[in-house]
Amino acid sequence: MSDRILVADDDPTLLEMIGLALRKEGFAVTPAASAAEVRARLAEGTFGLVVSDIYLGDASAIELLDDIHRLSPGAAVILVTAQGTVETAAAAAAAGVFDYLAKPFRLEELVGRVRAALRRTRQRPPPVPTGPESMIIGNHPAIVEVYKAVARVAALPVPVLINGETGTGKELVARALHRYGANPSGPFVPLNCGAIPESLLESELFGHRRGSFTGAVRDHRGAVETAEGGTLFLDEVGELTPLLQVKLLRFLQEGEIRPLGADSPLRVTARVVAATHRDPRRAIEGGELREDFYYRLAGYEITLPPLRERRSDIPLLVEHFRRQLEQRLGRHDLPSPTSEALDVLEGHDWPGNVRELESFVQRAVVDLGSLADVGGLERLLARGRTSAQAPPRGPAIGDDLTLEELERLHVEAVLRRCHGNRTRAAAILGIERKSLYRKAQRLGIPLDGGDDTP
């Protein structure tokens with residue numbers, strides 16, 4: 001990042017004073033007396049910092065912010081004014097301006113803020129290289145192998161099984177296979193097999209005809225039929241019952257399905273991509289996954305590495321999530337992590353993988369306002385470890401909780417103790433597994449992830 005400073009003010013005396021003070025401190029200063037001059041200087045080269053009066057006569061510095069961010073990406077901005085208002089201060093804050101000083105100010109104060117602004121720009125990680133928007137972020141050799149695997153198999157008419165821990169980005173790989181496959185304009189239909197009650201899953205997969213069961217008041221197209229001419233993505237396919245595995249096996253072999261209540265089968269042409277966080281071979285040995293279903297499903301396998309095995313990608317991922325947050329929050333200058341902060345993040349194991357890292361970046365921005373606060377990041381990580389290790393305090397009589405709130409807390413606690421295993425949790429709660437699904441849906445408890453071996 002350049003240490004060149006662009007100073008703009010329509011008061012020639014003040015412009016000269018600021019320039020002299022900054023040059024005396026060793027900074028390279030370029031003056032501009034109007035908005036037109038600011039644009040001309042920006043077009044000539046990049047700057048690490050812009051110091052500008054808000055009112056420049058022919059335009060306001062607020063109007064110039066888009067030009068500054070476009071022509072000097074990453075440049076910090078300090079605004080000064082003798083006519084400050086709530087509106088201009090709010091606009092400056094929303095645009096990510098580093099500081100907002102009121103005239104008159106001491107030159108020593110301005111020099112201090114200039115040093116702080118340039119120090120922060122120098123601490124930013126290198127920008128993510130420009131080019132086509134990438135669906136998956138990283139350049140570690142392990143993730144590069146994933147890119148190569150996607151490129152090899154995307155256009156081939158074979159089913160693909162994606163293996164990887166929860167949060168490693170299995171759906172992103174599935175979407176990449178669809179985007180670069182033979183029918184990218186066709187539908188991409190995702191279905192989480194572990195998030196739908198068993199009693200509804202067959203209908204969600206294959207559809208049903210009106211009157212086929214109580215409550216079937218109209219025909220319903222299932223996910224397989226909806227994916228005609230495109231890609232069917234079966235997430236957590238290891239959660240399917242053996243009976244549904246058999247019915248899907250027929251579709252994989254024959255390209256036919258029979259909706260519930262239908263008189264004849266339907267032919268469907270759709271590419272099948274499946275994903276699981278389980279080890280397929282262990283699932284076969286345990287009897288949860290049919291061997292013939294696995295071999296038909298895994299025409300090609302792609303295994304995603306956990307984030308702890310590609311820690312060198314963490315800076316790129318953090319920068320990617322930071323930029324996403326800037327767009328979502330309407331900010332242009334969210335502070336980036338320092339090298340010390342990145343060391344903290346790279347030292348964490350991230351059991352929830354990329355999804356956990358993304359959630360943490362958002363929480364850090366909300367709680368700390370910055371990704372550069374090393375102490376704050378360490379406290380947030382420690383708090384997360386404590387929450388994961390220690391069971392939450394049970395509700396006390398004086399907590400004034402409703403019966404439904406107490407029930408939700410108890411079900412959540414049992415699921416945590418079982419590490420998300422729905423079969424064991426249902427046994428502890430004394431209910432059937434399908435009843436646990438209904439109860440979780442009513443109470444708003446997510447059932448994503450988690451091993452479900454007995």
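Helices α11 (280-285) and α12 each supply at least two residues of the lining of the largest cavity. This is a predicted model, where local features need pLDDT of at least 70, side-chain atom pairs count only at pLDDT 80 or more, and totals for chains, interfaces and linings use all residues. Residues are numbered from 1 along each chain as its sequence is written, and side-chain values use heavy atoms, with hydrogens and water left out. Helices (H or I, at least four residues) and strands (E, at least two) are DSSP runs, numbered from the N terminus.

**Cavities**

- A cavity here is a set of points on a 1 Å grid over the protein atoms alone where a 1.4 Å probe fits but cannot get out, and its lining residues have an atom within 4 Å of a point.
- Grid points are joined across faces, edges and corners, and a volume is the space filled by probe spheres set on the points.
- On that basis there are 2 cavities of 30 Å³ or more.
- The largest has a volume of about 60 Å³, and its lining includes L161, R278, P280, A283, Y294 and L297.
- That lining splits into 7 nonpolar, 2 polar and 1 charged residues (Ala, Val, Leu, Ile, Met, Phe, Trp, Tyr, Cys and Pro count as nonpolar, Asp, Glu, Lys and Arg as charged, and the others, Gly among them, as polar).
- The second largest cavity holds about 40 Å³ of space, lined by C193, I196, E198, L201, E239, R433 and Y437.
- Two or more of those lining residues come from each of α8 and α19 (433-443).
- Its class tally is 4 nonpolar, no polar and 3 charged.

**Nonpolar cores**

- A nonpolar core is a set of buried Ala, Val, Leu, Ile, Met, Phe, Trp, Tyr and Cys residues joined through side-chain atoms within 4.5 Å; buried means under 20% relative accessible area, exposed over 50% (1.4 Å probe, protein chains only).
- The largest core has 31 residues, of which L205, L234, L240 and F293 touch the most other members.
- Elements supplying at least two residues each include β7 (188-192), α8 (198-206) and α12 (291-297), while α10 gives the most, with 5.
- Beyond its neighbours within four places in sequence, L240 is in contact (heavy atoms within 4.5 Å) with C193, L201, L205, Q245, L248, E288 and F293.
- A second, separate core of 23 residues includes F321, L342, V361 and L371.

**Helix α2**

- In α2 (residues 35-44), A35, V38, R41 and L42 are buried.
- Those four sit on the same side of α2 because they cover an arc of only 120° around the axis, taken from the directions from the helix axis to the C-beta atoms.
- The buried residues of α2 pack against β1 (5-8), β2 (29-32) and α3 (61-71).
- Exposed A43 and E44 are on the face turned away from the buried side.

How values were computed: On a 1 Å grid over the protein atoms alone, a cavity is a set of points where a 1.4 Å probe fits but cannot get out, and a pocket is an open set with protein on both sides within 12 Å along at least five of seven lines; lining residues have an atom within 4 Å of a point.
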